[in-house]
Amino acid sequence: MSAQTEVPSPPLPAPPGGHTGEPAPRIVPVRRTGQWAAAVVVLLLLAGALVSVVRNDAFQWDVVGRYLTTDSVLRGLGLTLWLTGLVMVLGFALGTLLAVCRLSANRVLQAVSWGYIWLFRSTPILVQLLFWFNIGALYPQILGVDTVNLLGPVTVAVIGLTLHEAAYAAEVVRGGILSVERGQLEAAQSLGLRPWRRLRRIVLPQAMRSIVPPAGNMLIGTLKGTSIVSIIAVQDLLYSVQLVYHRTYEVIPLLLVATLWYVAVTSLLSIGQYYVERHYARGTAGAR
């Protein structure tokens, strides 16, 4: 008598609606007690710090309000903005030239560009400013021109800051150029475009996506870094408030005046940087 093998019956189809008779699993939200507790603690600390700053009479907020828009402070702010803009334009113009030389096939240009960048990135900006301020001690005359009284404090500030910023701008531009795909350059060469036209019409527009973020950081850093020119008596924003508190001895409120203006201007620059980045990031995954 042969043994019969039982064949398992197929499972019954689920009834309409997907209900199988078993209770649906209950979804339990993840408890984030630790995160909420940490957020509450941080907010309480921030609120306590803000209240202490506002209610502390030592800050002398009435004095801050009185000097915030005085003529001397606004003139210092204007000079700071003018100096920042001029230094960035000249610095990036020279930095772009240095970056092109660094990427050139000419060994001499490569070496000179590398040496410039190495020297000015290795020397503190304060040392550079003091060096240019005392250039007349080393070269009293250049080509028959008296250099002792030729370079005033503002001119020294422009020269020193521009040469310093150009070294960093060169690396920013070089990194942006290297980020452009090699195929773009080969396509431009196949069209017969000259090197300068390839750089201006093909390379730089695409490299701006990589150049704008660090360039924006450099702009904000330059704005704050211009405060160092007060050491050579350039009447920028910081030097203007120093002149006041040396006379009135109201050091803290006058420093707060400078701080508030720096915060306001850097905030506006950060907003502008965001929109410029979004403009050049159009059509990429990073656009937002």
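At what angle do helix 4 (residues 107–122) and helix 7 pack, and how far apart are their axes? The angle is about 120° and the axes are 9 Å apart. This is a predicted model, where local features need pLDDT of at least 70, side-chain atom pairs count only at pLDDT 80 or more, and totals for chains, interfaces and linings use all residues. Residues are numbered from 1 along each chain as its sequence is written, and side-chain values use heavy atoms, with hydrogens and water left out.

**Overall layout**

- The protein has eleven helices and two strands. Helices (H or I, at least four residues) and strands (E, at least two) are DSSP runs, numbered from the N terminus.
- Along the sequence the pattern reads α-α-α-α-α-α-β-β-α-α-α-α-α.
- Of the 288 residues in the protein, 29% are buried. Buried means under 20% relative accessible area, exposed over 50%, and partly exposed in between (1.4 Å probe, protein chains only).
- Take the contacts between residues at least 6 apart in sequence: 74% of them join residues at least 24 apart. Contact means heavy atoms within 4.5 Å.

**Helix 4 against helix 7**

- Axes are lines fitted to C-alpha atoms, for helices over the stretch in contact, and angles run from 0 to 180 degrees between N-to-C directions.
- The angle of about 120° makes helix 4 oblique to helix 7. Angles under 35 degrees count as roughly parallel, over 145 as roughly antiparallel, 65 to 115 as roughly perpendicular and the rest as oblique.
- Helix 4 passes helix 7 in a left-handed crossing. A crossing is left-handed if the near helix is turned anticlockwise from the far one by less than a right angle, and right-handed if clockwise.
- Helix 4 contributes Tyr116, Ile117, Phe120 and Arg121 to the contact. Helix 7 contributes Leu163, His164, Ala166, Ala167, Tyr168, Ala170 and Glu171.
- By class, this contact of helix 4 with helix 7 has eight nonpolar, one polar and two charged residues. Ala, Val, Leu, Ile, Met, Phe, Trp, Tyr, Cys and Pro count as nonpolar, Asp, Glu, Lys and Arg as charged, and the others, Gly among them, as polar.

**Helix 7 against helix 9**

- The axes of helix 7 (residues 153–178) and helix 9 (residues 195–225) come within 8 Å and cross at roughly 140°. Helix 7 is therefore oblique to helix 9.
- The crossing of helix 7 with helix 9 is right-handed.
- On helix 7, the contact residues are Glu165, Tyr168, Ala169, Val172, Val173, Gly176 and Ile177. On helix 9, they include Leu199, Val203, Ser210, Pro214 and Thr222.
- The contact of helix 7 with helix 9 splits into 13 nonpolar, three polar and one charged.

**Helix 3 against helix 7**

- Helix 3 and helix 7 pack at about 45°, with axes 6 Å apart. That makes helix 3 oblique to helix 7.
- Their crossing is right-handed.
- The contact residues of helix 3 with helix 7 divide into 19 nonpolar, four polar and four charged.
- Threonine 84 lies in helix 3 (residues 71–102). Threonine 84 is buried, at a relative accessible area of 4%.
- Leaving out residues up to four places away in sequence, threonine 84 touches Leu219, Thr222, Leu223 and Thr226.

**Aromatic pairs**

- The structure holds five aromatic pairs. One of them joins phenylalanine 131 and tryptophan 132: edge-to-face, 5.7 Å centre to centre, with 80° between the planes.
- Rings of Phe, Tyr and Trp (its six-membered ring) pair if their centres lie within 6.5 Å; planes under 30 degrees apart count as stacked, over 60 as edge-to-face and the rest as tilted.
- Phenylalanine 131 is partly exposed at 39% relative accessible area. Tryptophan 132 is partly exposed at 22%.

- Glutamine 60 is not a glycine, yet has a positive phi of about 55°. Glutamine 60 sits in the loop between helix 1 (33–55) and helix 2 (61–67), and is partly exposed at 28% relative accessible area.
- Tyrosine 249 has a positive phi near 65°. Tyrosine 249 is in the loop between helix 10 (237–248) and helix 11 (251–280), and is exposed at 70% relative accessible area.
- Leucine 138 lies in helix 6 (residues 135–138). Leucine 138 counts as exposed, at 51% relative accessibility.
- Leucine 138 and valine 148 are ten residues apart in sequence and 9.6 Å apart in space, C-alpha to C-alpha.
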